Amino acid sequence: MTHSKTITLTVNGKAVTAAVEPRTHLADFLRERQLLTGTHLGCEHGVCGACTILIDGEPARSCITLAVACDGHAVTTVEGLDGDPVAADLREAFSTEHGLQCGFCTPGMLVSARDVVLRRPTADDNQIRVEMSGNLCRCTGYVGIVNAIRRVLDARKTAAE
Amino acid sequence: MAHASGVGARVRRKEDERLLRGRGRFVGDIALPGMKELAFVRSPVAHARIRGVDIPEEHRAAVFIWADLAMDGVKPIRAVSGLPGFKASEQPALADGKVRFVGEPVAVCIAATRAEAEDIAAQVFVDVEELPVNADMLEAVKPGAPRVHEHWSDNVFLETNVGGAIAEIAATAPVKVTRTIRTARQCMVPLEGKGVVAHWDRHVEQLVLTTATQMPHIVRAGLSECLGLDQGLIRVVAPDVGGGFGWKGLLQPEEVVAGWLARHLDHPVRWTEDRREHLVAAANCREHHYEITAYADERGRLLGLEADAWVDAGAYSVYPFSACLEAAQVGSILPGPYDFRHYRCRTFSVCTNKPPIVPYRGVARTGVCFAMEQMIDAVAEAVGREPWEVRLENLVPPDKMPFDNVTKKHFDSGDYPESVRRAVAAIELDGWRARQTRGEPDGRLIGVGVATYCEQSAHGTAVYYGWGIPMVPGHEQAQARITPDGGLELRVGVQSHGQSMETTFAQVAHEVLGIELARIKLVHGDTALTPYSTGTWGSRSMVMAGGAVATACRTLAERVLRIGAHLLQGRPEDARLVDGCVRVGQASIPIRDIAHTWYRAPQLLPPDVDRGGLETTCGYKPKSDHGTFSYATHAVAVAVDPELGSVEILDYVVVEDAGTMVNPMVVDGQIYGGVAQGIGTALYERMPYDDEGQPLASTFMDYLIPGFTEVPHVRILHMMTPSPYTEFGVKGIGEGGAIAPPAALCNAINDALRPLGARVTDSPMTPERIIAAIHDASTSAAASTAEATR
Ligand code: FES
Ligand code: FES
C-alpha cells in the first residue's frame, strides 16, 4: 500500500483538502472522490481528450495528470462551467448543430472548444479542426461540433462589430 | 398534416441538456454503498492449456476462477445457430482448462478500488502450456491445422452455399474479372468502454445488473440461462450508454461474472472496461477474405458473380448473434443493389484464436460492399467505361420496384440509379477528370470513386427465424400512457445510446396525439419498466419501436376521441384530434382535461368507455417482415501522394434514401458518424496480430481512429422514397453511413493509381500498402520491359 499525501486545491471554485495516493490520477480523484462524474475517461492514455478539464484556466488531460501534482492549483470541470458565458453559448450551439450523440466525449469537447473560442477568435473551419484534433468522438463525424464552434465564433464576431 | 415538431421536423434533442452539463449517468458514474471493483486476469497467450492458476495465499478470498462459478451451477455461454452443420462452442465466463484468445478472462479479482483489484491481478499467475495457434483464418481451414475446439472435425463454425449453376456463364461470358480482397480485423471503439454494476436487491429479491448495453432484455435472457436464475429474478438496466455500434449488443462473460459475484458475495460490484482491455480483448469485427469473379458482357452488364468468402469468427460463438451470422450474411447480400441472374457463393465462418466476432455497424455489408464495388470498377475498367455508367447498367431500376433479387431479397422502393446520377453530378466528376488530365503541380494523383449499396434494416421474424439463433424479433412493443396531468409517457424495450430516441419517439407520438414534445417522456433501457424487445441493432429502432409508438398512440387517440366527443356532447365519428385537443365542430377540449376526467372525475365518463383507459401496450410489425431497404451512393475525390502513400479526401458526397425522415438533423448525424467510422475502416483501423495471435495495438497511439482532421465535411443529399411497408414510410438508417466509405475510397485510390498500373484491394489502405502497390507495379513493369528487350 502506497502512502497517501494530503493536498489542498480548488475544485470548481471550492477549496478541497484530501488525502490521495500518489498514483491516483486527477480524473479518478474528481470522479471517485469528488463525485464529479462529468469528466469522462475514454482511454487513460492521454489521447482521446474525453477527460479534458481546466487547470488554472488551461486545458489539461486529467487522466495523465496526477492528483498530487494539483496541490495548490485550481481545477475546473464541466460541472464548473454551468455559469460560464462561453460554455453557455457552446452548449446552445452544440444542441442546435447536433454536436453530440451519445454525449460521452462532450464534456471534453466543450472544455477544448471553449479554449478555441477564447484563444482563436478568427479561426476558420480548418483551424477549428486542427485546434480540436486532440479530442476524439466516435459518434458525430465531427461536422456538428465544427459547426457549433463556427456558430459561436460568428456570433461573437457579430456582437463585437 | 405535419406538426411543427412532429415527423419530419428538425427539432433539438431532449437528451442534450443533461449531457452538455456533464450530468448524464453512465455505468462508470454509478457508485453503490459498499461497492467493490473488479479487475480481470486475462490470458497472455492465444492458445494454451491451463495447468493452474496460482493465487497468492493472502488474496485467496479476493480471486475467483471458473471452478468457483461452476460449483454454483453457472453454465457456459452457448449461442447455437440452427443452420445445418453449425458447430456449437461453449464459452465459460472464465476460462475452463483452456484459453483460446489473448485477453480471454481467466480469473476475477475484487477489491475496494480498481487500482487495488489490478494490484491483486498482477500477482495472479496463470501457468499455461502453449498450444499451436490459429492466427490466420486461411491457415486455420487447412487440413492439419491445430483445432481451436479439439472435439471438432475442423475449424469451421459453418459453411454455407448459396446459388448454383454458373459454369455456363463462366465459360461463355465475354468479360471475366477476378480479385482477391481482404478486410482487416477491427475494434468498434465506442468512446465509453463496456461497464457493469451488479447488486442483489434484497427487497425485491432480484439481481440488478446495470450495464452499458444495447439490449437489456436479451442480456437478461442470457444471464438467466447462464446463472440458472428465473428471468423474474433478474433486472437489467442500461443507463446512459456512450456509444455501442454493436460492441454492446451481446451477453458478455464479464456480465455473467459480475452477476454471479454480486449474488454470491451479496454486495455490489463494478467492472469498467479500460481502453487496453477493449483493444486487446475486443478486437472482434470486420475480418473478411474474398476470392471473387464477376462475369459481364462487353457493355459491362453483369451476367453472373461467383465467390468464396471467409470470415474470421474468432474463438467462440457470441450470444445472441452466433458466430455464423456475418459469413452467412455475406452469401445472401453480396449481390448488392444489382440485378443479375447467375450467382454462386460459398462462405466459411472460421474459428480462430482471436476474440469472438460481434456484428459491427453495417455487419457484413461493409465488407461485402468493399468487395462488390471493387468488382463493378474492375468490370468498368475491363470494358473501358466510366464506373458510374456500369453501375447504371446494372442497378435495379425504379420501375422494377418492389424487386426480388437473385438471393430473394425484397427491395421495397426507391430509385437506385438516380442516387448514382445525383452523386456524380454533386461531386462534379467532369471537373476532377479535367484536373486529372492536367496533373497536379505537387505531383499528387487525383482519383474519384463511387460506391452504391442497399441495406436491409429492421429485419423481422421472416428473416431471423431461419438463423435459429437465441433471438428472433417478433412484434415490437411500445407502451403509451397519458398521465393525469395530460402529459405522455412512452416505454420501449429498445435502447438509445446516441440515436436520439428520447426526441424522435416523442416526435412520433406528437405527430399522432399533438401533445407537446416537452411533455412527452421516453422510458427505455430497463427490463423492469419496459416491454420485451430484442433491443437496438440492425437499424431497427425507428422502424420497429417507432412504429409501435405510433400504433400505441393511435389506440389512445381513438379512446381520447370517444371520451372527448362524449364530454363535448358530440358523436365520436365527428370528433377530430387537432393540436392536442379533441374538436367537434367549433367545440374543443384539450387532452389534459380528458386525462383529468379519466383519472379524477370518472363519474363524467361515458358508460361504454374503453376500460383500458389512457394506457396501452401495442405490438407492431411492418407490412412486410423482410426489412426495409435504405440505399445510398457515396462519391469521393482524393489526392494520393505517390511518394508518401498518403490519401487526402478532397470532397465527399452522400446521396441517400432513408424514406421518410422523422428528424432530418438526427438522420444527418447518423450519416456523418457512420461515414467517419467508414473512413476509419478504409484508411486507418486495423488490429494487427503476429503469428502467435498476439494483438499488436493496445492504445490509441497504435490503433488509430479518425479525428477532426481526418474526417472531411461530408455533404449529404437526401432522396425520400417512403417505404410502402412502414409507419410514415421510414426506413432504417443508423448503420448505412459506415457501409460504403471503404469501397468508395478504394475505388478513388485505384482511380488515382491507374496511370501507375497499381492497385490496392485490401483495407485499411494505409500509406505502406499504397507505396507497396506502386512499388509492385513498377517492378513488374520493369520486369516486362526487360523481358521485351531481351
Ligand atoms: S481519457 Fe484522458 S485522454 Fe483519453
Ligand atoms: S457523441 Fe459519442 S463519442 Fe462523441
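# A walk through chains A and B

Let's start with chain A: of its contacts between residues at least 6 apart in sequence, 55% join residues at least 24 apart, where contact means heavy atoms within 4.5 Å. Before going on, note that this is a predicted model, in which local features need pLDDT of at least 70 and side-chain atom pairs count only at pLDDT 80 or more, while totals for chains, interfaces and linings use all residues. Residues are numbered from 1 along each chain as its sequence is written, chains are lettered from A and ligands numbered from 1 in the order in which they are written, and side-chain values use heavy atoms, with hydrogens and water left out.

So what is chain A built from? You'll find five helices and five strands in it; helices (H or I, at least four residues) and strands (E, at least two) are DSSP runs, numbered from the N terminus. Read from the N terminus on, the elements go β-β-α-β-β-β-α-α-α-α. The radius of gyration of chain A is 16 Å, close to the 15 Å that the globule rule gives for 161 residues, so chain A is as compact as a globular protein of that length. That radius is taken over C-alpha atoms, and the globule rule is 2.2 Å times the number of residues to the power 0.38. Along its principal axes, the C-alpha trace of chain A spans about 55 × 30 × 20 Å.

Chain A also comes in parts: domain 1 (5-80) and domain 2 (83-160), with bounds from an automatic or database domain assignment. Where they touch, 14 residues from domain 1 of chain A meet 12 residues from domain 2 of chain A. The centres of these two domains, taken over C-alpha atoms, are 22 Å apart.

Of the 161 residues of chain A, 58% count as buried; buried means under 20% relative accessible area, exposed over 50%, and partly exposed in between (1.4 Å probe, protein chains only). One residue to look up is Leu35(A), in the loop between helix H1 (26-33) and strand S3 (52-55) of chain A. Its phi is near 55°, a positive value in a residue other than glycine. Most residues other than glycine have a negative phi, and most peptide bonds are trans. Is Leu35(A) buried or exposed? At 62% relative accessibility, Leu35(A) counts as exposed.

On to chain B, with 20 helices and 28 strands. The radius of gyration of chain B is 28 Å, close to the 28 Å that the globule rule gives for 790 residues, so chain B is as compact as a globular protein of that length. Its C-alpha atoms fill a box of roughly 105 × 75 × 50 Å, taken along the principal axes. In chain B, 65% of the 790 residues count as buried. Of the contacts in chain B between residues at least 6 apart in sequence, 79% join residues at least 24 apart.

How is chain B divided up? The assignment gives domain 1 (16-23 + 475-620), domain 2 (31-131 + 194-241 + 248-282) and domain 3 (284-461 + 624-780). Between domain 2 of chain B and domain 3 of chain B, the C-alpha centres lie 36 Å apart. In their contact, 31 residues of domain 2 of chain B meet 28 residues of domain 3 of chain B.

Gln569(B) sits in the loop between helix H16 (541-567) and strand S22 (576-578) of chain B. Phi of Gln569(B) is near 55°, a positive value in a residue other than glycine, and at 76% relative accessibility Gln569(B) counts as exposed.

Next come two cis peptide bonds. One runs from Tyr319(B) to Pro320(B), with omega near 5°, and Pro320(B) is in the loop between strand S14 (302-314) and helix H9 (325-333) of chain B. Another goes from Ser763(B) to Pro764(B), with omega near -5°; Pro764(B) lies in the loop between helix H19 (741-753) and helix H20 (767-789) of chain B. Ser763(B) is buried, with a relative accessible area of 3%. Leaving aside neighbours within four places in sequence, the contacts of Ser763(B) include Arg182(B), Phe370(B), Thr681(B) and Arg769(B).

Finally, look for Arg433(B) in helix H13 (residues 429-438) of chain B. Which residues does Arg433(B) contact, leaving aside its neighbours within four places in sequence? They are Glu386(B), Val448(B) and Asp751(B).
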